Amino acid sequence: MLGVGAALVGTAGCLGVQGVEYPDAAADADAPSDGDDPDKDDPPDAPDTDADPLVRNAALAAATREVVDDAVWFATEYPAAVATYRDAIAEAVATVRSIRATVDEEAAVTAAQVDSVAAAIRTAGDRASDALEPHFSPGPRIRSRVERHVETLRTFAPRGDVDRVLEELDRIRTKLASIGTALYVEAEFSGDPIHNRLFRRLLAPLPTDDRKRGRVTNGTLVELAVASRNFATFAHRPYDRDTIDRERIPRIYGDAFSPERRRELRARLGPISQPADRVEEVFVAFVERPPAGNRPSETFRGWARELDGVPVYVQRYPDAETAEARLSTALDGGSTDGRASIDPEATLAGSDFSGNASDDGNASSDGNSSDADVETDPGPAPWHRFYHREAEGERYGFDEHAGVQYGYVVRAGEFLLAAGFSGDAWEERAGWHGRLRHGWVTGA
């Protein structure tokens with residue numbers, strides 16, 4: 001059986017996004033955790049389906065909106081946000097350095113100088129938080145490094161202990177400077193790889209059990225490209241560079257979802273790609289994260305397309321009405337065979353080996369069932385089973401017959417989503433969606 005990933009590159013290749021902010025632990029303020037997360041996103045409010053007759057697949061729409069909004073933030077606002085953060089830290093460092101020089105020169109320290117140090121740190125924290133929250137939480141990291149040193153200043157300044165004050169000012173300056181470097185930003189507020197709340201949202205809903213949650217986040221890599229913003233990157237938990245030899249850390253060459261691979265996927269999607277009125281175009285691929293090898297010879301070295309990812313294609317339109325119209329146009333460009341949920345859990349449970357059983361309650365053999373009806377089924381979103389003819393086929397390498405591409409498409413709010421496009425029919429590729437098991441598209 002050919003998986004969908006294996007059918008998406010060339011004639012038999014594959015088609016295969018950057019930081020999760022984890023709460024500081026008491027023993028180690030920088031230690032990441034997959035357990036209790038005070039910044040964990042609250043579930044979105046359920047839309048008022050009675051007020052909007054075009055609301056359908058509301059849970060999938062809400063989850064997709066979170067993913068796309070965060071991806072667009074990385075594509076558009078992240079560089080300026082990081083620059084603001086580093087500038088805020090640099091200004092605080094400059095203030096501390098200036099006050100230290102004055103204290104050293106005058107051999108005296110005042111309460112007002114200590115207050116100025118504290119105010120500079122608060123200002124840096126506020127500016128950094130305004131720039132990076134809610135995507136990252138820089139405030140607690142700044143405070144955890146310098147608060148106790150400021151309290152020490154308040155203890156020794158009234159005593160006129162200049163040497164002790166200078167010592168603490170040096171520590172504050174050094175610690176602030178260390179969290180303003182490019183290396184620190186790359187590790188803690190990373191955009192390559194992304195490992196902040198966007199990563200969690202791509203895998204939502206994550207298991208509540210810490211051990212299972214860790215297996216998911218440590219075992220998944222996601223490729224992400226916001227084509228409408230010319231942005232591409234990876235999302236995954238970073239490899240521990242302190243405990244793993246450099247030669248054993250996997251290396252992935254090339255960009256996530258390169259332009260060539262995006263063109264290949266659009267070709268397989270055929271009429272599903274509807275650029276008219278489209279405001280965002282996002283490509284996502286779920287991949288098994290290559291483990292660090294025990295020996296350099298066992299470590300993954302290769303191009304992103306060799307990761308054999310399962311792609312999801314997302315198009316955003318100004319509103320649900322426009323998305324509904326584009327869905328209708330897309331479906332008119334091919335044929336449908338009812339609707340079905342993409343449900344990896346059903347496959348694992350053995351009740352649906354193919355994962356492609358038609359949902360009779362929502363199916364329409366002619367593909368004319370309306371997506372404009374209000375959603376009443378709380379189960380997994382039913383997707384249209386769609387197929388169309390390509391300009392050339394890849395199954396046998398012959399060019400004289402058009403190839404048929406089979407896949408899934410659904411409208412959720414203002415989004416059109418497509419997944420699973422392949423030259424292999426739905427019923428002939430069992431369990432193709434295994435790597436989507438923890439993706440947001442099958443969790444909503």
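**Exercise 1.** Is Trp-73 buried or exposed, going by relative accessibility?

*Solution.* The model is predicted: local features need pLDDT of at least 70 and side-chain atom pairs count only at pLDDT 80 or more, while totals for chains, interfaces and linings use all residues. Residues are numbered from 1 along each chain as its sequence is written, and side-chain values use heavy atoms, with hydrogens and water left out.

Step 1. Take the cut-offs: buried means under 20% relative accessible area, exposed over 50%, and partly exposed in between, with a 1.4 Å probe and protein chains only.
Step 2. Trp-73 has a relative accessibility of 7%, so Trp-73 counts as buried.

**Exercise 2.** Classify the ring pair of Trp-73 and Tyr-78.

*Solution.* Step 1. A pair of aromatic rings is described by the distance of the centres and the angle of the planes.
Step 1. Rings of Phe, Tyr and Trp (its six-membered ring) pair if their centres lie within 6.5 Å; planes under 30 degrees apart count as stacked, over 60 as edge-to-face and the rest as tilted.
Step 2. A search of the whole structure finds 16 aromatic pairs. For Trp-73 and Tyr-78 the centres are 5.8 Å apart and the planes stand at 70°, so this pair is edge-to-face.
Step 3. Tyr-78 is buried as well, with a relative accessible area of 15%.

**Exercise 3.** Classify the ring pair of Trp-73 and Phe-136, and locate both residues in the chain.

*Solution.* Step 1. The ring centres of Trp-73 and Phe-136 are 6.3 Å apart and the planes are at 50°, so the pair is tilted.
Step 1. Helices (H or I, at least four residues) and strands (E, at least two) are DSSP runs, numbered from the N terminus. Trp-73 is in helix α1 (residues 58-76), and Phe-136 is in the loop between α3 (111-132) and α4 (138-156).
Step 2. The two residues are 63 residues apart, and the pair links distant parts of the chain.
Step 3. Phe-136 has 0% relative accessibility and counts as buried.
Step 4. Ring pairs link Trp-73 and Phe-136 into a cluster with Phe-74, Tyr-78, Tyr-85, Tyr-184 and Phe-189.

**Exercise 4.** How many residues of strand β4 are buried, and which strands pair with β4?

*Solution.* Step 1. In β4 (residues 280-288), eight of the nine residues are buried, so the strand is largely enclosed by the rest of the structure.
Step 1. Two strands pair if DSSP finds at least two bridges between them.
Step 2. Seven bridges join β1 (residues 220-226) to β4, and these strands run antiparallel. Leu-224 has Val-284 in β4 as its bridge partner.
Step 3. Strands β4 and β6 pair over seven bridges, also in the antiparallel sense. Here Phe-283 stands opposite Tyr-313 in β6.
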